Structure formats: C-alpha cells, structure tokens
Amino acid sequence: MARVLLFGALRDLAGWREQIFEGVSDLDGLRSHIARLYPDLAEAISGPGVQFAVDKALVRGNVSLSAQTEIAFLPPMSGG
Amino acid sequence: MSVTVQTGVFDAGAALSAFTQALPDAGGVVSFTGIARMDNGKTQMLELEAYLGFTEPWIETLIEEARTRFSLSGVRVIHRVGSILPGEAIVFVATAAAHRRQAFEGADFLMDHLKSRAPFWKKEHGPDGARWIEPRQADYQDLTRWTRDQTPK
C-alpha cells in the first residue's frame, strides 16, 4: 500500500491531493499504475524538476515500497 | 535555533522581541520580514503550500549551515503557509552573533536560500485567475553570491 501525496501544480492537474494505491511494491510499479489511471499526471511527474520523496526523504531511481509508505511527488520548488 | 511553519498570522515585532530577550549575550541581532505585496492589485492573495515534516527539516539543515558558517549564536525562522493577504508577513528571519557582519550575512544567506530553494509551492491569486509561481532568475542569481554552496538539495 502506498499513500501518494501531490503538491503544487501536480495537485491541481490531478484534482486530488492524496490517494492510497494498493498492490504496488516499488516506485516504478506505482508509476505504471498511475500511468494507467492518470496519464496526464504520469506525464507531469516524468517532467523536468519533479522530485520524489519516500517517507519524507528524497530518492532517485526505483526504490521498493514497504507497507504504509508515503510517497510525495514534488514539482519544482518555488521558495517562500 | 528554531523554525516554525504555520498557517496563522504572526507579529514580526513580537517575534523579534522574544528572540532578542532570549539571547542577552548577543553582540548584534538582525531581522528580516518578508511581506506579501499587492503588486498594483495584481495579487489579491498568495497561497503557499509546504510539505510538513519535510519542509521544516530542510530549513533546520539550512539553519545549521548558516550557524556554523557565520558563527551565529541564535537563529529564528517563521514561515507562513496557507492563504496570505497583501500586507501580511510571509517570512521572518532573525540572526544573532557576536559581531554585526556575521548577523547581517547570516540573515542574507538564509533569505537567499529560503526564497529560491526551500520546499514551498506558491500560487498567486489575482483578478485574472490563479497561477503557480516559480523562482525568478534574480532569485537564483542571488544564490551564486554564496559560492561555497552546501545547502540541502
């Protein structure tokens, strides 16, 4: 189970802020899952400058997701 | 050394008094308050989003870097999130050090990094609708002033 959080423009694009995805074991699996359900969002999170955080730590590449993992998709940060 | 990310309005003057009173041995205290601009009516409201639990540790790492680099004896950062109206304070940074130069530079360093790299997402609401804002080129340019760049990525 993965709890996905969206921020900034990604949240507006998808129309949701938070969603639970069942049956995903790694980040690549989650991305394919999102691509089937939300193709526009999948394209946006593949765009330049989008970073991923797993349990509030930035990650690169594929990582495995354990139960109750929180995944955040972070568009380019704007600063305060 | 502390950071607060909050939705509520804050009083920068009161924050500065509290900060200064807690540091009786500081030789100098510098503070900066960033205020939401109206921009000739183009901005009616700013919406600022943070990733709570991620944004604060990022700022804490930045504070720690500023503290060691500028020998600061105290740092306070308050940052608003949520809906912010023109005239309201968005950010407050205060630094304390034995000597004025360190306090000035520490505050300047903190603000340059908070304005360009910090994990916030900003949306401007105006008469023509809303749009997400990215840092200006000038904000990134300001960062190059601090060439020994060890900020959290």
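1. In this predicted model, the buried residues of helix H2(A) pack against strand E1 (2–6), strand E2 (18–21), helix H3 (39–45), strand E3 (51–54), strand E4 (57–59) and strand E5 (69–74) of chain A. Helix H2 itself spans residues 27–37 of chain A, and its buried residues are Leu27(A), Leu30(A) and Ile34(A). Viewed down the axis of H2(A), these buried residues fall within an arc of 55° and therefore line one face of the helix. In general, an α-helix has 3.6 residues a turn, so residues three or four places apart point the same way.

2. The count of aromatic pairs over all chains is 9. One of them joins Trp16(A) and Tyr38(A), a tilted pair with 5.5 Å centre to centre and 50° between the planes. Trp16(A) belongs to the loop between helix H1 (8–14) and E2 of chain A, and Tyr38(A) to the loop between H2 and H3 of chain A, so the pair ties together parts that are 22 residues apart in sequence. As to accessibility, Trp16(A) is buried, at a relative accessible area of 11%, whereas Tyr38(A) is partly exposed, at 24%.

3. In chain B, the ring centres of Phe70(B) and Trp146(B) are 5.8 Å apart and the planes stand at 85°, which makes this pair edge-to-face because the angle is over 60 degrees. The pair links distant parts of the chain, 76 residues apart: Phe70(B) sits in the loop between helix H2 (55–69) and strand E4 (72–80) of chain B, and Trp146(B) in the segment after helix H4 (137–143) of chain B. Phe70(B) is buried, with 6% relative accessibility, and Trp146(B) is buried with a relative accessible area of 7%.

4. A further aromatic feature includes residues of chains A and B: ring pairs link Phe7(A), Tyr51(B), Phe54(B) and Trp121(B) into a cluster.

5. The largest nonpolar core holds 31 residues, of which Ile59(B), Val77(B), Val93(B), Leu114(B) and Phe120(B) touch the most other members. Two or more residues of this core come from each of strand E1 (2–6), strand E3 (45–50), H2, E4, strand E6 (89–97) and helix H3 (100–116) of chain B. H3(B) supplies the largest share of this core, 6 residues. Another core, of 19 residues, lies apart from it and has among its members Ile34(A), Leu41(A), Val50(A) and Ile71(A).

6. The surroundings of Val93(B) deserve a separate entry. Leaving aside residues up to four places away in sequence, Val93(B) touches Val30(B), Ser31(B), Phe32(B), Arg76(B), Val77(B), Ala107(B), Leu110(B), Met111(B) and Leu114(B).

7. In chain B, 4 strands form an open sheet of mixed pairing, in the order E1-E4-E6-E2. E1 and strand E2 (28–35) of chain B stand at the edges with a single partner strand each, so one side of each has no neighbour in the sheet. On average, neighbouring strands of this sheet are turned by 5° against each other, direction ignored.

8. E4(B) and E6(B) run antiparallel and are joined by 7 bridges. Gly74(B) has Ala96(B), in E6(B), as its bridge partner. Two helices are placed against these strands as follows. H2(B) lies across E1 and E4 of chain B and runs at about 150° to E1(B). H3(B) packs on the sheet, where it touches E2, E4 and E6 of chain B, and its direction makes about 145° with that of E6(B).

Notes. Residues numbered from 1 in each chain as written. Chains lettered and ligands numbered in written order. Predicted model: local features only at pLDDT ≥ 70, side-chain atom pairs only at ≥ 80, totals over all residues. Heavy atoms only, no water. Buried < 20%, exposed > 50% of the residue type's maximum accessible area, 1.4 Å probe, protein only. Arc of directions from axis to C-beta. Contact = heavy atoms within 4.5 Å. Phe/Tyr/Trp six-rings, centres within 6.5 Å; stacked < 30°, edge-to-face > 60°. Core = buried A, V, L, I, M, F, W, Y, C linked by side-chain atoms within 4.5 Å. Pairing = 2+ DSSP bridges. Axes fitted to C-alpha atoms, helices over the stretch in contact; angles between N-to-C directions.
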